[in-house]
Amino acid sequence: MSELHALFGGTFDPIHFGHLRPVKVLAQQTGLQRVTLLPNNVPPHRPQPEASAAQRVAMLRCAIRDLPLFEIDTRELERDTPSWTVTTLEAWRTERGAEQPLGFIIGQDSLLSLSKWHRWQDLLSLCHLLVCQRPGYPTRFDSPDMQRWLEQHLAQDIRQLHQQPAGHIWLADTPLYDISATEIRRRRHQNQPCDDLLPAAVIDYIDREGLYRD
């Protein structure tokens, strides 16, 4: 059986400690050896990024330069169509084979809105969902049906994530970081410091490129 590999998608406009630190803890908890960052091209439900695709990838490279856990996959940036998670997971599953344990990392906020995702019912046939806590979000669904769905698929043992290719949900006990890219951009536009929110190498790149300035 291959080792568990996880994907982590996002706009990353810019990448920050709220992305990196919980995922590093998640990897330690679950024995994850590799996390692939998937920058989105056309986020279906969000405004377009301020930074270009090339700039967002460059910031990712700066952020993970000394973090061997992470790698980058730019396939979603090479599409002209929306970045549907299920489509990317299908491509990964085809490439890696039916037996590769595959996880997709999401925040608690994304889990609670999962029923709005494109073909969300197909996700667990392709991967495990690895859920990081998010500040201010409840731990249960409002919908009894969705809560039952969650409880039916909860992994009780980390080994299930390694022994099966897909089908489980892991609620990770990750640290809560109340950091958002929106807040970072707001601070930058107002000439406020962001040193505590994202890696120094990313700040240096943002400064060089003149990003998030009015």
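Student: How many aromatic pairs does the structure hold?
Tutor: It holds 3 aromatic pairs. Keep in mind that this is a predicted model.

Student: Okay, take F8 and F12. What kind of pair are they?
Tutor: Edge-to-face, because the planes of F8 and F12 stand at 75°, and anything over 60 counts as edge-to-face. The centres of the two rings are 5.7 Å apart.

Student: And are F8 and F12 buried or exposed?
Tutor: Both F8 and F12 are buried. For F12 the relative accessibility is 2%, so F12 falls under the 20% cut-off for buried.

Student: Where is F12, anyway?
Tutor: F12 is in the loop between β1 and α1. Its backbone is worth a look too: phi of F12 is near 55°, a positive value in a residue other than glycine.

Student: Which residue has its charged end over the ring of F17?
Tutor: That's R21, and its charged end is 3.6 Å from the centre of the F17 ring.

Student: New topic: helices. How do α2 and α9 cross?
Tutor: The axes of α2 (residues 53-64) and α9 (residues 200-209) come within 8 Å and cross at roughly 150°. The crossing of α2 and α9 is right-handed.

Student: Which residues make that contact?
Tutor: From α2 you have Q55, A58, M59, C62 and A63, and from α9 there are A201, V202, Y205, I206 and E209.

Student: How do they divide into nonpolar, polar and charged?
Tutor: The contact of α2 with α9 has 8 nonpolar residues, 1 polar and 1 charged.

Student: Last one. What does L154 touch?
Tutor: Leaving out residues up to four places away in sequence, L154 touches H168, I169 and L171. L154 sits in the loop between α6 (144-153) and α7 (159-163), and L154 is partly exposed, with a relative accessible area of 23%.

Student: How far apart are L154 and A91 in space?
Tutor: They are 25 Å apart, C-alpha to C-alpha, and 63 residues apart in sequence.

How values were computed. Residues are numbered from 1 along each chain as its sequence is written. This is a predicted model: local features need pLDDT of at least 70, side-chain atom pairs count only at pLDDT 80 or more; totals for chains, interfaces and linings use all residues. Side-chain values use heavy atoms; hydrogens and water are left out. Axes are lines fitted to C-alpha atoms, for helices over the stretch in contact, and angles run from 0 to 180 degrees between N-to-C directions. Helices (H or I, at least four residues) and strands (E, at least two) are DSSP runs, numbered from the N terminus. A crossing is left-handed if the near helix is turned anticlockwise from the far one by less than a right angle, and right-handed if clockwise. Contact means heavy atoms within 4.5 Å. Ala, Val, Leu, Ile, Met, Phe, Trp, Tyr, Cys and Pro count as nonpolar, Asp, Glu, Lys and Arg as charged, and the others, Gly among them, as polar. Rings of Phe, Tyr and Trp (its six-membered ring) pair if their centres lie within 6.5 Å; planes under 30 degrees apart count as stacked, over 60 as edge-to-face and the rest as tilted. Buried means under 20% relative accessible area, exposed over 50%, partly exposed in between (1.4 Å probe, protein chains only). A charge sits over a ring if NZ of Lys or CZ of Arg is within 6 Å of the ring centre and within 35 degrees of the ring normal.
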